[in-house]
Amino acid sequence: MRYEAPESVEGAVALLAGGGPRGRVLAGGTDLLVQLRAGMVAPELVVDIKRIAETRKIREADGKLVIGAAVSGAELGEHAVAKALWPGVVESTELIGSTQIQGRASLAGNLCNASPAADTVPALVAAAATCKIAGPNGVRRIPVEDVCTGPGQLSLGDGEFVVAFEFPKRPPRSADAYLRFIPRTEMDIAVVGAGVNLAFDDGGRCVAARVALGAVAPTVILVEEAGQALVGTTCDAAALQEMAAAASAACRPIDDKRGTVEYRTKVAGVLATRAAGIAAQRAKESR
Amino acid sequence: MAKAHVTTTVNGDAVEFLCDAEQTLLDVLRDELYLTGSKEGCASGDCGACSVIADGRLVCACLMLGVEAEGLAIETIEGMADGDQLHPLQTKFLEHAALQCGVCTPGFLVAAKSLLERNPDPTEIEVRYWLAGNLCRCTGYDKIVRAVLDTAEEMRGG
């Protein structure tokens with residue numbers, strides 16, 4: 001195995017494009033090193049993207065937040081601006097692993113590990129975040145929900161890697177929230193995760209809603225019907241009930257040791273309802 | 001494949017070493033630098049026995065490549081005592097009998113030090129969450145948590 005730590009995006013692309021299918025990107029390494037150790041992957045080349053300044057920065061300009069691909073959970077959790085703008089994204093990141101894992105684990109790593117149960121992904125999808133992807137043909141941007149195509153599978157081409165996450169401008173009276181269910185208080189993998197992002201008009205009516213679910217399908221899913229059930233309402237009990245039904249109806253989970261199909265389907269609606277409640281409350285308090 | 005040459009700082013000392021790309025920081029600390037205080041428990045980031053501080057961040061040395069240490073400041077359990085003078089956490093761990101077999105202890109000490117540097121007055125809940133990535137199969141954790149809280153109080157001058 002060869003290790004390279006380029007200092008530019010172009011340098012990383014050249015290495016990855018030349019490395020063939022057995023090149024792997026290293027950000028925080030909290031998944032990759034475990035897979036290396038277990039012999040699940042045997043890359044010929046590992047490209048560490050942490051020496052590329054852009055991957056390590058959190059920037060905010062004109063209300064739009066940009067989070068570098070390799071920013072650690074601990075760094076994100078300490079960033080007051082990021083927390084104020086996207087509390088759901090930040091809380092989804094901080095739920096991952098221990099303090100030690102937080103010291104290294106990144107958003108891009110969580111996304112590109114392509115687990116259906118990744119905690120940050122429902123929050124990123126609900127936030128309508130975009131991935132800035134660099135590759136041999138330059139830079140392109142795609143919605144976060146278009147990056148994973150199945151468990152362990154990505155839509156990225158040879159030589160491509162995620163450089164940063166770009167967030168839309170936060171409208172007034174809007175906020176997000178993320179909840180996951182696990183049978184203990186921390187250090188576990190989601191049985192179900194729900195990210196909700198809501199915006200309201202000055203009369204308290206919901207004008208935009210995105211609901212995304214994790215661990216209930218081969219990839220994280222954006223449930224448009226669930227969002228639509230809230231738009232135009234005050235997120236009253238009846239609307240939330242309709243939203244929960246739409247969320248549960250979109251689930252295509254598996255049975256495994258963490259939960260059954262029936263259980264996950266039910267919990268998805270419950271969690272989405274609770275996350276919507278938190279997002280609505282935050283939006284009300286925002287201004 | 002030629003070994004990589006890495007220049008780093010360990011416990012304040014400039015250190016150079018050669019390593020293979022596959023070697024973790026934990027492998028390098030133990031097998032190349034003979035700093036065997038950091039332990040390998042799980043080698044998958046679950047147990048925290050290899051906890052070290054890299055550029056101010058608490059991390060598992062088993063989840064970092066040795067080559068990634070280039071230019072970083074690494075702090076290990078070996079740097080915790082000042083010569084024969086134990087760190088207050090070490091003293092309190094002894095007083096509270098916050099260890100039995102001792103394999104997890106270096107990781108707990110490094111993790112607790114990292115907590116108290118950020119938060120000199122943690123609640124019990126904050127201590128328990130901060131140390132959730134450090135596993136101890138002997139003590140049942142209560143003695144460890146009490147030792148950390150007692151150290152915090154002492155270090156605050158209480």
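In the predicted model, helix α10 of chain A, spanning residues 237-249, packs against helix α11 of chain A, spanning residues 261-286, with the two axes 8 Å apart and at an angle of about 140 degrees. That angle makes α10(A) oblique to α11(A), and the crossing of the pair is right-handed. On the side of α10(A), the contact is formed by Leu240(A), Met243(A), Ala244(A), Ala245(A), Ala247(A) and Ser248(A), which meet Thr265(A), Lys266(A), Ala268(A), Gly269(A), Val270(A), Ala272(A), Thr273(A) and Ala276(A) in α11(A). Divided by class, the residues of this contact comprise nine nonpolar, four polar and one charged.

A further helix pair is found in chain B, where the axes of α2 (residues 88-95) and α5 (residues 142-155) come within 9 Å and cross at roughly 135 degrees. This crossing angle makes α2(B) oblique to α5(B), and the handedness of the crossing is right-handed. The residues of α2(B) that take part are Pro88(B), Leu89(B), Lys92(B) and Phe93(B), and their partners in α5(B) are Ala147(B), Val148(B), Asp150(B), Thr151(B), Glu154(B) and Met155(B). Six nonpolar, one polar and three charged residues make up the contact of α2(B) with α5(B).

Two individual residues were also examined. Val192(A) belongs to strand β12 of chain A, which covers residues 192-200, and Val192(A) counts as buried because 29 C-beta neighbours lie inside 10 Å, the threshold for that class being 20 or more. When neighbours within four places in sequence are left aside, the contacts of Val192(A) include Arg180(A), Phe181(A), Leu213(A), Ala215(A) and Val216(A), together with Arg264(A), Val267(A), Ala268(A) and Leu271(A). Gly214(A) is likewise in contact with Val192(A), and the C-alpha atoms of these two residues are 5.7 Å apart in space although 22 residues separate them in sequence. Ala268(A), one of the contacts of Val192(A), is also among the α11(A) residues that meet α10(A).

Ala43(B), by contrast, is located in the loop between α1 (25-32) and β3 (51-54) of chain B. With 19 C-beta neighbours inside 10 Å, Ala43(B) counts as partly exposed, since a buried residue requires 20 or more. The C-alpha atom of Ala43(B) is separated by 10 Å from that of Asp27(B), a residue 16 positions away along the chain.

Note on methods. Residues numbered from 1 in each chain as written. Chains lettered and ligands numbered in written order. Predicted model: local features only at pLDDT ≥ 70, side-chain atom pairs only at ≥ 80, totals over all residues. Axes fitted to C-alpha atoms, helices over the stretch in contact; angles between N-to-C directions. Helix = DSSP H or I, 4+ residues; strand = E, 2+ residues; numbered from the N terminus. Parallel < 35°, antiparallel > 145°, perpendicular 65-115°, else oblique. Left-handed = near helix turned anticlockwise from the far one by under 90°. Contact = placed C-beta atoms within 7 Å. Nonpolar A, V, L, I, M, F, W, Y, C, P; charged D, E, K, R; others polar. Buried ≥ 20, exposed ≤ 12 C-beta atoms within 10 Å, placed from the backbone.
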